[in-house]
Amino acid sequence: MKDYSRIDAYVLRLVEDSTPEKTMWNLEKLREGKKGTWNYIDGCMLTALMEMTRITGDPRYADFAETVADYYVQEDGNILTLEADKANLDDINEGRVLFELYQKTGKEKYRKAADLLRHQLEVQPRTYEGNFWHKAIYPNQVWLDGIYMAQPFYALYEKNFGNGDFSDIVRQIRTVFLRMRSQESGLYFHGYDASKTAFWADPETGCSRSFWLRSLGWFAVALADLAEILPEGQSKEELMPVFTDLMKSMRSYADEETGMYWQVPDQPGREGNYLETSGSAMMAYAMLKGSRLGVLPADYAEAGEKTFNGIMDRYLAFTDTGINLGGICLVAGLGPENNRRRDGSYEYYISEPVVENDAKGVAPFLLAYTEIKRKA
């Protein structure tokens, strides 16, 4: 049994050194010297911090999440730095903490902010099949990342403030299953252009060229979270086979020694490919959580724990000041038109920078850690 105690101290140090305008895990902002914004990176981390308080009973994690939300959400429900005209699904994700904070504090501003983000989904541009565009600058494009950014919030809103209609969520994920899943591998392509006109899109299928681990990870985490959010019934019954199928497919691509997954998952050992931290942590979280909820068989928890421990062994280094978490792909995407380097090819995905301590790796690692703590 591994000693995980130093991870707790590391997370607390990150929290104590952070402010709403400068979180120590948002490496992109820190590198550029920019102030913080309402964003999905902090959103993922705040979700994990709320879970840490639930598991440990230590209020400091959730208190910081509340401090961040209180800073950005104004009394009238408007959100500082939110640019609704960009129609960016990433901006929806941080709203997940609003429901619990509203229940905890009774502050109407959190309810109003949730309403604001729900309205953004109402007016979000959609493909002809009814799926949200990923962003305004990506017309007719559905990315796996966007499922995590929008659908769990959407489901939480319906559960807490709506009429419990999850049919739109199911329809959108059904389209992803039908359009973006590879019949040969069971994996999902990173992006799908419903118009089939994007430079990176296959002219027949509309899909991008390769599989990218973190996008698959976002999709897996979204399905794992929906497994917890959705009540028993038809919506859950339709989506959970999608989750179990994805996890079964992914598990066959795990590295035998470490349990981790490759940046381009179906090309293990190919020159330039590497075992990547953020997507591996997402898979660990999804398998551990899916097993805990009874959606996945019990042995998936063992597989998830092996992956988590593999990340620790390969990329986690304890230092005098805390922890360094390496092996994290900084960023990857598709296009837009004026950025043709981001073409969805194998060569592109392995060319993006690999960094330490970025929240896109730290936050999923912490999410997986919350499941490890539940399992202990």
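**Pockets and their surroundings**

Modeller: By class, 13 nonpolar, 7 polar and 13 charged residues make up the lining of the largest pocket. The model is a predicted one. The volume of this largest pocket is about 860 Å³. Its lining numbers 33 residues, and Glu28, Tyr40, Asn88, Asp90 and Lys135 are the closest to the centre. Four helices each supply at least two residues of this lining: helix 2 (27-32), helix 3 (40-56), helix 7 (144-160) and helix 9 (213-229). Helix 2 gives the largest share, 3 residues.

The second largest pocket has a volume of about 490 Å³. Its lining is made of 21 residues, and those nearest the centre are Arg54, Arg96, Glu100, Leu156 and Glu228. Two or more lining residues come from each of helix 3, helix 5 (97-105), helix 7, helix 9, helix 11 (277-292) and helix 14 (359-375). By class, this second lining divides into 11 charged, 7 nonpolar and 3 polar residues.

Helix 5 and helix 7 bring us to the aromatic residues. The structure holds 21 aromatic pairs. One of them is formed by Phe99 and Phe153, a tilted pair with 5.3 Å from centre to centre and 45° between the planes. This pair links distant parts of the chain, with Phe99 in helix 5 and Phe153 in helix 7, 54 residues apart. Phe99 counts as buried because its relative accessibility is 3%, under the limit of 20%. Phe153, at 0% relative accessibility, therefore counts as buried too. Another tilted pair is that of Tyr138 and Trp143, with 4.6 Å between centres and 35° between planes. Tyr138 and Trp143 are both buried. Phe99 and Phe153 also belong to a cluster that ring pairs build together with Tyr102, Tyr157 and Phe161.

Two arginines sit over rings as well. Arg251 lies over the face of Tyr300, 4.5 Å from the ring centre. Arg270 is placed over the face of Tyr346, at 3.8 Å from the ring centre.

Two loop residues complete the account. Thr23 is in the loop between helix 1 (5-16) and helix 2, the helix with the largest share of the lining of the largest pocket. Because its relative accessibility is 5%, Thr23 counts as buried. Neighbours within four places in sequence aside, Thr23 is in contact with Ser18, Leu30, Asp42 and Phe64.

Glu129 is placed in the loop between helix 6 (108-123) and strand 1 (141-143). Glu129 has a relative accessible area of 22% and is therefore partly exposed, since buried would require a value under 20%. If neighbours within four places in sequence are left aside, Glu129 is in contact with Thr175, Arg179, Tyr192 and Ala194. Between Glu129 and Arg171, which are 42 residues apart in sequence, the distance from C-alpha to C-alpha is 9.0 Å.

Methods
Residues are numbered from 1 along each chain as its sequence is written. This is a predicted model: local features need pLDDT of at least 70, side-chain atom pairs count only at pLDDT 80 or more; totals for chains, interfaces and linings use all residues. Side-chain values use heavy atoms; hydrogens and water are left out. On a 1 Å grid over the protein atoms alone, a cavity is a set of points where a 1.4 Å probe fits but cannot get out, and a pocket is an open set with protein on both sides within 12 Å along at least five of seven lines; lining residues have an atom within 4 Å of a point. Grid points are joined across faces, edges and corners, and a volume is the space filled by probe spheres set on the points. Ala, Val, Leu, Ile, Met, Phe, Trp, Tyr, Cys and Pro count as nonpolar, Asp, Glu, Lys and Arg as charged, and the others, Gly among them, as polar. Rings of Phe, Tyr and Trp (its six-membered ring) pair if their centres lie within 6.5 Å; planes under 30 degrees apart count as stacked, over 60 as edge-to-face and the rest as tilted. Buried means under 20% relative accessible area, exposed over 50%, partly exposed in between (1.4 Å probe, protein chains only). A charge sits over a ring if NZ of Lys or CZ of Arg is within 6 Å of the ring centre and within 35 degrees of the ring normal. Contact means heavy atoms within 4.5 Å.
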